[in-house]
Amino acid sequence: NKFVYFFGNEETEGKNSMKDLLGGKGANLAEMANLGIPVPPGFTITTDVCLLYLEKGAYPEEVIDQINNAIIKLEGVTGKKFGDTENPLLISVRSGARVSMPGMMDTVLNLGLNDDTVIGLSKKTGNERFAYDSYRRFLTMFGDVVLDIEHEKFESVLSSKKKSLGATMDTDLNADALKELAEEFKAIIRKETGNDFPQDPREQLQMAIDAVFNSWNNQRAITYRRLNNIPGEWGTAVNVQSMVYGNMGETSGTGVAFTRDPATGDKRFFGEYLMNAQGEDVVAGIRTPEPISTLRDNMPEAYARLEAIYMNLEDHFRDMQDIEFTIEEGKLFMLQTRTGKRTAAAALKIAVDMVNEGLIDKRTAVTRVSPEQIDRLLHPTIDSQAEYEVVATGLPASPGAAVGKVVFTAEHAEEMAKSNEKVILVRTETSPEDIGGMDAAQGILTVRGGMTSHAAVVARGMGKPCVAGCGSVTIDMACSSFSVCDITINEGDYVTIDGSTGSLILGEVELVTPGVSGELDTLLAWADEVREMGVRTNADTPHDAQVARDFGAEGIGLCRTEHMFFGDDRIPAVREMILAEDTEIRKAALEKLLPMQKEDFIGIFKVMEGFPVTIRLLDPPLHEFLPKHDEIAEKLASLEAEGASTAEIERIHKILERVDSMEETNPMLGHRGCRLGITYPEIYEMQVRAIIEAACELKAGGMDIVPEIMIPLISHVNELSSTKKDLVAVAESVMAEKGCKLEYMVGTMIELPRAALTADKIAKEAEFFSFGTNDLTQTTFGFSRDDAGKFLPFYIENSILPSDPFAILDQEGVGELVKIGIEKGRSTRPDIKIGICGEHGGEPNSVKFGYNIGLNYVSCSPFRVPIARLAAAQAVI
Ligand code: ADP
Ligand code: MG
Ligand code: MG
C-alpha cells in the first residue's frame, strides 16, 4: 500500500485529481510541481493514514518506513540533512483536508530545529539573527499547535522583550534578543507540560504528524464539519515540506494573492506581502503588509515570475486562484494554490468573463455561481464594513436588508411613505388587510409566524425584506413601542432588519445595493439554454406579473384570486356576497364583482401574452373577508349608545350573528377551497365567467391567451368532476355569447395527501396538476403552518427535523407524495402537465428534486425566478 506521495519537480507522484487521498493542499502542491512551478519539495501522507491512525491509535509499520524513505529522498533532493548540525533540513508540517477547513491544526514551520541545529543553520547561512528568529518561531508554533499551550503565553513574553528593548516590531529584535527568547520559550514549555522541549527532530516530526491527525476530531473541526456538511469519514492528509525562508532579510518575504479581485471580480492581480517575514505574519496583522503592486517596483524579477505563474495557474485550473508564495533571497517559491473564495458579484463577473476569454464553456459558467449568490445579488445587504449589534433574531423569511423608522400599523406605514419616510412595519402578525402597508414599508418584522406565514409569503412576493417570528420582541400597542431584552423602541425610532439572516438591529446600518449588471442576464440566458424544466411565477397583479416577466418567468403557475377581493372598492361587495341570505342576493353582489375581476385578468393576461396563466379559484375561508367579531360588537355598542334606530341595530346584530356562525375551529381544514365552490357554485361561476370573458375579449384583439383554471383543495375526484362540469358549461356558454373559440384547461391543485394517493383517478378529470406544497406539507405533517413557530425552531435546533419543511421540501415524506402523485397522474393521462407552486418552487434543493422526479415546471415568487432558472439548469448539469 502506498501511504506517502512525494512532490517536487521530476519526482512528483501525485496530481490534482487525487484530492480525496492527498487533500486539497497536497494535490495542488503536486499539480504545481507537475507544471514545473517552483515548489519546495516534500511529501504528503494520505488521508487513509489519518483514518487508520484515528481508528487504531497507531500507524502500520509500513507507514513509518515510507515516511523515513521520503525523508531520505527529501535530503537527497535538497542536499540537506534532517537533524544535521552543519546543514540541517528544516520542514513545515501542514494539515490539508479535501476542502479547506478552518478549525483544523495550524501549520508548524521550521521543524527540525534544536539547540544544535540552530547553530548549524546560523553558520551555514552566516545569518545568526535569521537562525534564532526561525527557532523562536518554531518553539512558539510547536508549543501552541502541538503541545496545546496557549499562544498568549509566548506572545506576552515576546511583547515584554520588545518593550524592554524599546523595539516596536519583531524585525527590530537582534540575534541576542531572539536567542534569549528561545531560552525563555523552552522554559515555558517545560513549565506548562512538565517536560523538556523535545530536541530530537524525529520525535518532533512524529508529534506534529499525530497532532494534525488528532486535530481532525477537535471540537472546532467537528463543529465546522457539521455546519458545512462535511463527512467525518474524509480525514485529513499531512503535508511535510522542506522550508524556504521569507525571514532571511530584506530580499526575502512572504505573501498571499488572488488572481482576480475577490470582491469585484475585476481582472487584476490582488494581494499583499511582507518583507523579512514568515508564514502567518501577513494575516496576523503584526506589521501592515504592502499591496502586491509595490512588489513590482521593489523586486521586479520575482514579481515577473510571480505574474507568469499566476497566469499559468489560472489557465490551468480555469478558475480564480488564491495563492501563497515566499521569496527567499530574491528567489520565488509557491506554497499553495486553491480556488479562491469570492463575493456573489465577483462570482458572476468571473464566470462570464472566463467564458468570454475562452477559459470555460457556458455550462461550466452556470455551475460557478450558486443560487444563493444570485439571491444576494438581487437584494440590498448590510455593508460588510459596518459595525452593529444584533438584538434579536427571527426567521430569515424574505431576503435583503432594510432600514427605516418603526411603525405599528399598515395605515401609518402608508401615510409615512407618502411623505417619503422610510419605515419598517412591525406587527405581531400580518393579515391581508396589511398589504398596502407592507407595500409601503421598506421591510417587515413580525413577532409570530413561520416561513410560510402571511407576512413571509407576501414579502417574498413583493421582494421585500422580512424577519418573521421574532419571538423575543413584545409589542405594546398602547404605548406605540416594542421591547426586546430590556430595550424599548418607540414608534419613529430607526431599526435595521436583515431578512437574509433574520436579524434585528437597532439604529441605521449602512446598506449596499448590489448593482444587477448585464452579466446576470447573460448568465441566466446560458442557464436557460441548459435547463429542461419551465420556470413560472406566482403573481396576482399585473405589476408582479411584469416584474416576474422581467426576471424571465415563462407564465404564471399560481394566480391567487383572493387577493383581488381585498381593496376598498371590492370588499363591500365581497361582504355583501358572503352575508347574502339567499342565492339571488348573492348573485347580485357577484354581478358587482364580475367587471372588477375581469379587469384584473385582462391586466395579467396582457403582461403574460403568449404564456400560460394558471388561475386558482377562490381558496380561503370566507370569514377572512369579514370584519372581526370585536369590531362589529364595538360598532353595535356605539350605535346603541347613540340611540340609533332599532332597524339599524337589528341589521348589525344580524351581521354579528352571521359572523359568529361562520367562525371555524380549524379554518385551514374547514370550509374553504373547492368546498366553497361546491356549496356556493355562484362564486366559481362568476370567476370563470370573468376569466373566459377577459380571454375572449383579448383574443378578439388578436392576442394569444392561454388560461388554465385551477380548482383548489380537491381530496376526492368527485369534488373535481362535479365542479368541473359546472364550470365547463359556464365557459362554453361565455364563448358562445362572445362567438369566440378559446383553448383553455381545467386542472387542480394536489395539496392533500388523499389527492396525491388517488391522482390516477383525479387525472382522468384534471388536465394539469399543480402541487401546492405549502398545504401539502401542512397536511402531511399535520403541522399548522400558522402555529408551527411555537415548536419548529426547537425541532430544528435539537435535530428532530433537519430543516424547516415549509422552507425546504421534505423529500422523504412530502416529496414521496409528490412522486406518487406524478406517477399515478401520468398513468392515466400520460401528457398531463405537472408543476409545483408552493414556496418550495424557488428553493434550490427543492427545484433540483422537482427536476429529478419529472416536473414540467416550477412556479415561485417573482424575485425567486432568477434563482429557480439557475437551479433548474444546475439540476441538469
Ligand atoms: P493554512 O492552511 O492556514 O493556509 P498553510 O499550511 O498553507 O496553512 O501554511 C501557512 C503559511 O505557512 C503558508 O502560506 C506559508 O507562508 C507558510 N509555509 C508553509 N509551509 C512552508 C514552507 N515549507 N516554507 C516556507 N513557508 C511555509
Ligand atoms: Mg495556506
Ligand atoms: Mg392551498
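**Notes from a predicted model**

Visitor: Which strand is N110 in?
Guide: N110 lies in strand β6, which covers residues 108–111. Keep in mind that this is a predicted model.

Visitor: Is N110 buried or exposed?
Guide: N110 counts as buried, because 28 C-beta neighbours lie inside 10 Å of it. The cut-off for buried is 20 or more.

Visitor: And what is its phi, for N110?
Guide: Phi of N110 is near 65 degrees, a positive value in a residue other than glycine. Most residues other than glycine have a negative phi.

Visitor: Where does N420 sit?
Guide: N420 lies in the loop between α16 and β17. N420 is not a glycine either, and has a positive phi of about 60 degrees.

Visitor: Buried or exposed, that N420?
Guide: N420 is exposed, because it has 6 other C-beta atoms within 10 Å. A residue counts as exposed at 12 or fewer.

Visitor: Let me step back. How many helices and strands are in the protein?
Guide: The protein has 34 helices and 33 strands. It has 877 residues, and 50% of them count as buried. Along the principal axes, the C-alpha atoms fill a box of roughly 110 × 60 × 55 Å.

Visitor: Which domains is the protein divided into?
Guide: Domain 1 is 4–242, domain 2 is 253–339 and domain 3 is 391–512. Domain 4 comes in two pieces, 531–621 and 664–876, and domain 5 is 627–663.

Visitor: How many residues of domain 1 are in contact with domain 2?
Guide: 16 residues of domain 1 are in contact with 14 residues of domain 2. On the domain 1 side, helix α1 (residues 19–34) gives the most, with four residues. By class, that side has eight nonpolar, five polar and three charged residues. The C-alpha centres of domain 1 and domain 2 lie 22 Å apart.

Visitor: Tell me about α2. Which of its residues are buried?
Guide: In helix α2 (residues 47–56), the buried residues are T47, V49, C50 and Y53. Seen down the axis of α2, they fall within an arc of 150 degrees, so they line one face of the helix.

Visitor: What do those buried residues of α2 pack against?
Guide: They pack against α1, β2 (42–45), α3 (61–78), α8 (201–215) and β7 (236–242).

Visitor: Which exposed residues are on the face turned away from the buried side of α2?
Guide: That face of α2 carries the exposed residues E55 and K56. Just after α2 comes G57, with a positive phi of about 75 degrees.

Visitor: New topic: the sheet with β14 in it. What is the strand order?
Guide: The order is β14-β24-β23-β16-β17-β18-β19-β15. These eight strands form an open sheet, and the pairing is mixed. The edge strands are β14 (390–393) and β15 (395–398), and each pairs on one side only. On average, neighbouring strands of this sheet are turned by 35 degrees against each other, direction ignored.

Visitor: How many bridges join β14 and β24?
Guide: β14 and β24 (residues 503–506) pair over three bridges, in the antiparallel sense. Within this pair, A392 stands opposite L504 in β24.

Visitor: Which strands does helix α16 lie across?
Guide: Helix α16 (residues 410–418) lies across β16 (401–407) and β17 (423–427). Helix α16 runs at about 175 degrees to β17. Helix α18 (residues 454–462) packs on the sheet as well, touching β15, β18 (443–446) and β19 (466–468). The direction of α18 makes about 45 degrees with that of β15.

Visitor: And the hairpin of β20 and β21, how many residues lie between the strands?
Guide: Four residues lie between them, and S480 in this hairpin takes a positive phi near 50 degrees. Strand β20 (residues 473–476) and strand β21 (residues 481–484) pair in the antiparallel sense over four bridges. I475 stands opposite F482 in β21.

Visitor: Last one, L558. What is it in contact with?
Guide: Leaving aside neighbours within four places in sequence, L558 is in contact with N538, T614, R616, S770, C837 and S859. L558 lies in strand β27 (residues 556–560). L558 counts as buried, because it has 26 C-beta neighbours inside 10 Å.

Visitor: How many residues separate L558 and V613 in sequence?
Guide: They are 55 residues apart in sequence and 7.6 Å apart in space, C-alpha to C-alpha. For the protein, take contacts between residues at least 6 apart in sequence: 67% of them join residues at least 24 apart.

Conventions:
Residues numbered from 1 in each chain as written. Chains lettered and ligands numbered in written order. Predicted model: local features only at pLDDT ≥ 70, side-chain atom pairs only at ≥ 80, totals over all residues. Domains from an automatic or database assignment. Contact = placed C-beta atoms within 7 Å. Helix = DSSP H or I, 4+ residues; strand = E, 2+ residues; numbered from the N terminus. Nonpolar A, V, L, I, M, F, W, Y, C, P; charged D, E, K, R; others polar. Pairing = 2+ DSSP bridges. Axes fitted to C-alpha atoms, helices over the stretch in contact; angles between N-to-C directions. Arc of directions from axis to C-beta.
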